[in-house]
Amino acid sequence: MRALVLLCCFMASLLLPGQAEEVEDVSEEAPLRDRSHIEKTLMLNEDKPADDFSVVLQRLRKIYHSSIKPLEQSYKYNELRQHEITDGEITSKPMVLFLGPWSVGKSTMINYLLGLENTRYQLYTGAEPTTSEFTVLMHGPKLKTIEGIVMAADSARSFSPLEKFGQNFLEKLIGIEVPHKLLERVTFVDTPGIIENRKQQERGYPFNDVCQWFIDRADLIFVVFDPTKLDVGLELEMLFRQLKGRESQIRIILNKADNLATQMLMRVYGALFWSLAPLINVTEPPRVYVSSFWPHDYKPDTHKDLFLKEEISLLEDLNQVIENRLENKIAFIRQHAIRVRIHALLVDRYLQTYKDKMTFFSDGELVFKDIVEDPDKFYIFKTILAKTNVSKFDLPNRDAYKDFFGINPISSFKLLSQQCSYMGGCFLEKIERAITQELPALLGSLGLGKNPGALNCDKTGCGETPKNRYRKP
């Protein structure tokens, strides 16, 4: 009988979760911290009108479509790098990506920065793994959620390429529009926590590939830890491999720091660096912020002043990325153009070598197999390095071209000298002009403090939709 009574009490507690939460909230109610430093650092209280950079973005879009994309499509660059740039990506706001193990405070941190606590659209948080979706927080006129399948179908947004990861992933993608002033200038992306004892196949979609897609597009990457989850497993190790080359965007956050005494916090800080040292192999270590990013007051007898200064420093870092969003966007497109140019030069060199080695009696497959298996024998890459404006550090992996030409026969490409027309000019000359003149000039107009709206759209055609001049109306 006693066991039955206990069982009934247990079932009642499960059937009445709302009441249980109310009791828990009352018992754990804590004073809230002042948020004025957030508004001040991020300049959320300023009433100045938002800068209109639409002219610059349209000019950037014009340069991409007219000078970069033709060469990109002609030599199928997207099949080498799996990175297709859309109009939505060019005009999108800076993206801040939150990564890390489960239940380290990623969702709580977003709720805190946006002030979503106690609203119906706050991200769900808890001690157990709670976030199973990729959640994108964007600006909107009113609070509403957007299904992943709708986000991917909207070509005006920058998320349409996510369709390639399948319907199972789109069911794990959700967007939330919030009328918050910070989201007018930035987009937050919350990710599922890393669980080391779970196989990737159980997620039902390629988790690492999806993370890579967001990493490639993120302007700032917060990798969050808490003092109880410093172990590095296979999944976290794989994540840091994907972050190679993006060290300048990475910020490490040691969250929930007020849970530890000073001596223990120092030990945990050292243990975190010890765990991450083999994974971040750079001369200058990434910036580490130590604080507790949530709305409640810091626990007594902790370094409150230090934690507050660390939080303000992180907010200043975030604000700097927002302020430099146009410069970063132009630099990103220019970097993409450089990679497209190098890829086109390499394909052109492979094709020219193939034509030189072919004779009337040659077997085309055997000739090209010899070239692609040992490109150094034919000075493929050394010839490209001899050209101006090509760095050896920008050259792609040679083995990648074995797979690339396995899918795309060399005979399907044209030489760069043949990619010219009387009206349109040459593809190579146009992309080189964009890299050396047009994009630096656009960047310089921002750096010199010129009015971006002063660009003459009548001359540049910055608002013009790209057209196919050879297509009959």
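**Notebook: helix crossing and aromatic rings**

I began with two helices, and I see helix 14 pass helix 17 in a right-handed crossing. This is a predicted model, so I keep that in mind for every entry.

**Entry: the crossing.** Helix 14 covers residues 325-357, and I looked up how it sits against helix 17. The two pack at an angle of about 70°, and their axes are 13 Å apart. Angles of 65 to 115 degrees count as roughly perpendicular, so helix 14 and helix 17 get that label. Which residues make the contact? From helix 14 I noted His-343, Leu-346, Val-347 and Tyr-350. Helix 17 brings Tyr-401, Phe-404 and Phe-405.

**Entry: the cluster.** Some of those names came back when I turned to the rings. Tyr-350, Tyr-401, Phe-404 and Phe-405 belong to one aromatic cluster, together with Tyr-75, Tyr-354, Phe-368, Phe-381 and Phe-413.

**Entry: ring pairs.** I wanted a count, and it comes to 25 aromatic pairs. One of them is Tyr-75 with Phe-413, a stacked pair with 5.9 Å from centre to centre and 5° between the planes. Planes under 30 degrees apart count as stacked, so the 5° explains the label. Where in the chain do Tyr-75 and Phe-413 lie? Tyr-75 is in the loop between helix 4 (54-74) and helix 5 (78-81). Phe-413 is in the loop between helix 17 (400-407) and strand 9 (420-421). The pair links distant parts of the chain, 338 residues apart.

Buried or exposed, I asked next of Tyr-75? Tyr-75 has 0% relative accessibility and counts as buried. Phe-413, at 5%, counts as buried too; the cut-off for buried is under 20%.

Then I checked Trp-213 and Phe-214, which pair edge-to-face. Their centres are 5.0 Å apart, with 80° between the planes. Trp-213 and Phe-214 are both buried.

**Entry: charges over rings.** I found Arg-398 with its charged end over the ring of Phe-381, 4.6 Å from the ring centre. Phe-381 is also one of the cluster residues I listed above. Elsewhere in my notes, Arg-287 lies over the face of Tyr-289, at 4.3 Å from the ring centre.

**Entry: the whole chain.** To finish, I stepped back. The protein chain has 19 helices and ten strands. Of its 473 residues, 45% are buried. I also looked up contacts between residues at least 6 apart in sequence: 80% of these join residues at least 24 apart.

Conventions:
Residues numbered from 1 in each chain as written. Predicted model: local features only at pLDDT ≥ 70, side-chain atom pairs only at ≥ 80, totals over all residues. Heavy atoms only, no water. Phe/Tyr/Trp six-rings, centres within 6.5 Å; stacked < 30°, edge-to-face > 60°. Helix = DSSP H or I, 4+ residues; strand = E, 2+ residues; numbered from the N terminus. Buried < 20%, exposed > 50% of the residue type's maximum accessible area, 1.4 Å probe, protein only. Lys NZ or Arg CZ within 6 Å of the ring centre and 35° of its normal. Axes fitted to C-alpha atoms, helices over the stretch in contact; angles between N-to-C directions. Parallel < 35°, antiparallel > 145°, perpendicular 65-115°, else oblique. Left-handed = near helix turned anticlockwise from the far one by under 90°. Contact = heavy atoms within 4.5 Å.
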